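I'm opening my notebook on this one and jotting down what I look up as I go.

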Amino acid sequence: MTPEDENLQKLERVLTEAHRVRPVPILKPGWTEQVMRDIRNVETPLNPQTCVERIVWQTAAIAAAVALIVTVSMMAWSQAPLHEGMGLLTEEFESTPLFFE
């Protein structure tokens with residue numbers, strides 16, 4: 001074993017023992033909850049950019065939900081079978097060659 005390894009092991013033992021001997025702080029019951037409550041109650045300054053971003057995301061979520069509801073309701077209330085509607089769409093397409101000769 002080299003002297004560096006011995007010194008490293010001594011340092012590790014001393015730090016481990018210091019950690020074991022360290023006194024445990026005595027906290028009142030509910031101290032953690034009080035600290036978390038205080039943190040939640042700290043007011044943050046309002047940033048206009050943050051407010052705009054929040055409004056945009058909320059609007060996007062609402063628009064997506066409305067689009068989903070409208071789509072599902074239209075599919076549920078539709079009288080035509082699904083394969084019939086797809087046939088109507090495919091009739092409109094004309095087949096053309098990919099490369100012009």
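Here are my entries, from the overall layout down to single residues.

**Entry: the layout.** I'm working with a predicted model, so I keep that in mind throughout. I looked up the elements and found four helices and zero strands in the protein chain. Reading from the N terminus, I get α-α-α-α.

**Entry: the surface.** How much of the protein chain is buried? I got 1% of the 101 residues. The accessible surface comes to about 10600 Å². Carbon and sulfur atoms own 66% of that surface.

**Entry: a salt bridge.** I checked for salt bridges and the count came to one. The partners are E17 and R20, with their closest N and O atoms 3.5 Å apart. Where do E17 and R20 sit? I found both in helix α1, which covers residues 3–21. They are three residues apart, about one turn of the helix.

**Entry: how open is that pair?** E17 has 40% relative accessibility, so I noted it as partly exposed. R20 reaches 61%, so it goes down as exposed. The line I needed here is that exposed means over 50%.

**Entry: a nonpolar patch.** Which residues form a nonpolar patch on the surface? I wrote down I62, V66, V70 and M74. Together they have about 380 Å² of accessible area. I then followed I62, which belongs to helix α3, residues 48–77. I62 has a relative accessible area of 55%, so I marked it exposed.

Terms used
Residues are numbered from 1 along each chain as its sequence is written. This is a predicted model: local features need pLDDT of at least 70, side-chain atom pairs count only at pLDDT 80 or more; totals for chains, interfaces and linings use all residues. Side-chain values use heavy atoms; hydrogens and water are left out. Patches are made of residues with over 30% relative accessible area and no salt bridge: like charges are joined within 9 Å, nonpolar side chains (Val, Leu, Ile, Met, Phe, Trp, Tyr) within 5 Å. Accessible areas come from the Shrake-Rupley method with a 1.4 Å probe; for residues, only the protein chains shown count as cover. A salt bridge is a side-chain nitrogen of Lys or Arg within 4 Å of a carboxyl oxygen of Asp or Glu. Helices (H or I, at least four residues) and strands (E, at least two) are DSSP runs, numbered from the N terminus. Buried means under 20% relative accessible area, exposed over 50%, partly exposed in between (1.4 Å probe, protein chains only).
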